[in-house]
Amino acid sequence: MISVIKHRIHGMKSVAVKCQGGFNMAQEISHQTDGKQSLYQVALEQLDYVAKLIDLDASVHEILKYPKRELTVNFPVRLDDGSYSMFTGYRVQHNLARGPAKGGIRYHPSVTLDEIRALAMLMTWKCAVMNIPYGGAKGGVICNPKRLSSAELERMTRRYTTEIMIIIGPNYDIPAPDVYTNPQVMSWIMDTYSMHVGHSVPAVVTGKPVCIGGSEGRLEATGRGCMFVTLEALKHLGIGLDETTVAVQGCGNVGSVAARLLQEAGCKVIAISDSQGGIYNPNGLDIPEVLKHKSETGGIVDMFASLTDAKGLRKNVDVVSNEELLELDCTVLLPAALENQITGENATRIKARIVAEGANGPTTTAADRILYDRGIFLIPDILANAGGVTVSYFEWVQDLQAFFWKENEVNNRLREIMVSSFEEVLTTAQKYNTDMRTAAYVLAVERVALAGLQRGIYP
Ligand code: NAD
């Protein structure tokens, strides 16, 4: 089946959107990749695949391949012992056709410009899928934050902020937390920027503490968004909440919130894990009890040993490894820890009906194809975990207006956007007879291309 849509742009070339049914991105890419290429090469191949599929205008395709801006900064930081150390940081803005740039800042020893480029491009697609008015960006500093004192981290953050100030700002590029950056780091960025311009500018970053202009509901937003799209997938497949079992890999910000909210919604959460392993009870776990234990002791697995028979909680609870958890018999598998967990090796043994990608990149391209062929419904990361960036958008809107919403209002608006984005991706998938990941990319690339064509090429 071949369908053709034409987006006619006033006074401009049209984007011919052509799609062949029954294919997905993974089928095309998996044989070329599976672990060998850089994240940026994979991102480019994904774009190439979608461009071909929708018959994207060649010049628009060429523009989308490149980041608009890449800034590399080398800067000294005074360490606690009085010596100085040089650090390298980056800020990359991929595409600004739909609005100012948005994307996290990560602190990690393995940060590279290539990785930041790829992540900036992914942010462009994620914001476009959610239809929030941003382009994509990402930043990072090559460092080991675990080896820096809090004072060193603060000095590094303030200097990095000063170095990238020439391209960030509430109307230009709005950073947020990513790997090993947190609300405290966002506070230092906001303060440094504000000191330079001479007045408080809360809208320059999101993910701040509520007391300096953060949003209610931001901390729980990614897990909550994951819950909303999972409920939509269940509804779409005609599976009742009372017959739904859920296994969650990861018990951090995303996994713990998604597990608690899915249980509150009426699903049975049968397994949950952290880096040490997990616990499993086919009759359902008491998630608030598990989370309380984890916050008090830092672990999950030892809960099994510490549970008292008198409370009856230990009955039927087994310890499972993270690998075993992925292969449990359940309705929903929610990977919310690391990337590359569902691979070409274990995808044939996944028993879930739905995979909801709470984490970024938990499924390899080879696994994607196997899951698709086996009829497993996958909610891709750029949709499933986009609740965080969506509430970041709300935070920015509230900061710009200096008018703050109640948590209930934030959650309701989040639900609206998650549900409508899910429906739009599903409609695209059905229309082109393709999988949800390919459909999400098609929707995103179309939207970004359309915005670019509508605005035209300056001058
Ligand atoms: P987190 O650090 O709060 O939690 C990570 C969890 O994974 C922890 O429970 C940790 O114990 C567990 N874990 C670590 N190694 C593991 C292993 N080998 N096997 C199983 N579990 C392991 O992180 P988070 O913020 O919840 O993020 C989780 C994922 O979601 C990441 O991929 C992140 O990029 C993605 N994500 C997070 C957000 C957000 O707003 N927090 C937004 C979008 C995407």
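Helix H12 spans residues 365–373, and Thr365, Ala366, Ala367, Asp368 and Leu371 are buried in it. Buried here means under 20% relative accessible area, with exposed over 50% and partly exposed in between (1.4 Å probe, protein chains only). Helices (H or I, at least four residues) and strands (E, at least two) are DSSP runs, numbered from the N terminus. Just after H12, Gly375 takes a positive phi of about 75°.

This is a predicted model, in which local features need pLDDT of at least 70 and side-chain atom pairs count only at pLDDT 80 or more, while totals for chains, interfaces and linings use all residues. Residues are numbered from 1 along each chain as its sequence is written, and side-chain values use heavy atoms, with hydrogens and water left out.

Next comes the sheet. Strands of a sheet pair through backbone hydrogen bonds, either parallel or antiparallel. In this model, 5 strands form an open sheet with mixed pairing, in the order S3-S4-S6-S5-S7; two strands count as paired if DSSP finds at least two bridges between them. Strand S3 (69–78) and strand S7 (173–177) are at the edges and have a single partner strand each, so one side of each is left without a neighbour in the sheet. From one strand to the next, the twist averages 25°; axes are lines fitted to C-alpha atoms, for helices over the stretch in contact, and angles run from 0 to 180 degrees between N-to-C directions.

S3 pairs with S4 in the antiparallel sense over 10 bridges, and Phe75 stands opposite Phe87 in S4. The hairpin of these two strands has 5 residues between them, and Gly82 takes a positive phi near 95° there. Strand S4 (residues 84–95) also pairs with strand S6 (residues 135–142), again in the antiparallel sense, over 6 bridges. Here Tyr90 stands opposite Gly140 in S6, and Arg91 stands opposite Gly139 in S6.

The ligand remains. Of the 18 residues around the ligand, Thr222, Cys251, Asn253, Val254 and Ser275 come nearest; a residue is near a molecule or strand if one of its heavy atoms lies within 4 Å of it. By class, this shell has 6 nonpolar, 10 polar and 2 charged residues. Ala, Val, Leu, Ile, Met, Phe, Trp, Tyr, Cys and Pro count as nonpolar, Asp, Glu, Lys and Arg as charged, and the others, Gly among them, as polar. An oxygen atom of the ligand lies 2.9 Å from a polar backbone atom of Asn253, and an oxygen atom of the ligand is 3.3 Å from a polar backbone atom of Ala337.

Terms used
A polar contact is a pair of N or O atoms within 3.5 Å; within protein, one must be able to donate a hydrogen and the other to accept it, and residues adjacent in sequence count only if both atoms are side-chain atoms.
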